[in-house]
Amino acid sequence: MRGRQSEIRPPWSQSESSFTELCERCNDCIGACPQKIITLGSAGFPKIDFSVAQCTFCGDCVKACKHQALGFDSDPNMAPWHLELSIEKSCLSQNGVVCRSCGDICEEAAICFKLATRGRSLPQVDQQKCNSCGACISVCPSHSISILPGTQTQAA
């Protein structure tokens, strides 16, 4: 995907350019994450790994960041990030196998299943409801769910 960063930064990250400028690669956010989803990414910058667990939006990574690469920008209700979820064609439900793992785990009810042809139910993502916690990623048996930085820009 052109024009998009491929790694997801921790929640409440500054814009990618500001983040990489401010982040000292101290790894304090990595150590602070109780879910252990913040890992070392390319060039030593922290990234999110949803294959491990989901983000609980606890804010511990923000509190640990001394360099202001992560921050609420004086608004604790600010969205933690702008990510877009997509379900690939390798999804079991899209291939006639009954599976609703992603919908079952989604507390926001952002993934629902709509009846399609031949009695199959296909997953549908409501991006407005999705908080991008990543819970659906680690439970997907076919690894068919991806989440990438969205087209909306975060605060700089």
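1. Strand 3 (residues 83-87) and strand 6 (residues 145-149) run antiparallel and are joined by five bridges, where strands are DSSP runs of E with at least two residues and helices are DSSP runs of H or I with at least four, both numbered from the N terminus. Two strands are said to pair if DSSP finds at least two bridges between them, and in this case Leu-83 has Pro-149 of strand 6 as its bridge partner. The model is a predicted one, in which local features need pLDDT of at least 70, side-chain atom pairs count only at pLDDT 80 or more, and totals for chains, interfaces and linings use all residues. Residues are numbered from 1 along each chain as its sequence is written, and side-chain values use heavy atoms, with hydrogens and water left out.

2. In a regular strand the side chains alternate between the two faces of the sheet.

3. A search of the whole structure finds four aromatic pairs, a pair being two rings of Phe, Tyr or Trp (its six-membered ring) with centres within 6.5 Å, counted as stacked if the planes are under 30 degrees apart, edge-to-face if over 60 and tilted for the rest. Trp-12 and Phe-57 form an edge-to-face pair, because their ring centres are 6.3 Å apart and their planes stand at 80°. This pair links distant parts of the chain, 45 residues apart, with Trp-12 in the segment before helix 1 (16-22) and Phe-57 in the loop between strand 2 (46-48) and helix 3. Trp-12 counts as buried at 5% relative accessibility, whereas Phe-57, at 22%, is partly exposed.

4. Phe-57 also forms an edge-to-face pair with Trp-81, at 6.0 Å centre to centre and 70° between the planes. Trp-81, in the loop between helix 3 and strand 3, is 24 residues from Phe-57 and counts as buried at 6% relative accessibility. Ring pairs link Trp-12, Phe-50, Phe-57 and Trp-81 into a cluster.

5. Ser-132, found in the loop between strand 5 and helix 5 (135-139), is buried, with a relative accessible area of 3%. Not counting residues up to four places away in sequence, Ser-132 touches Phe-50, Phe-57, Trp-81, Leu-83 and Ile-147, where contact means heavy atoms within 4.5 Å.

6. Strand 4 and strand 5 pair in the antiparallel sense over five bridges, and Cys-112 has Gln-124 of strand 5 as its bridge partner. Their hairpin has five residues between the strands, and in it Arg-118 takes a positive phi near 55°. Arg-118 lies in the loop between strand 4 (111-115) and strand 5 (121-125) and counts as exposed at 81% relative accessibility.

Technical notes. Buried < 20%, exposed > 50% of the residue type's maximum accessible area, 1.4 Å probe, protein only.
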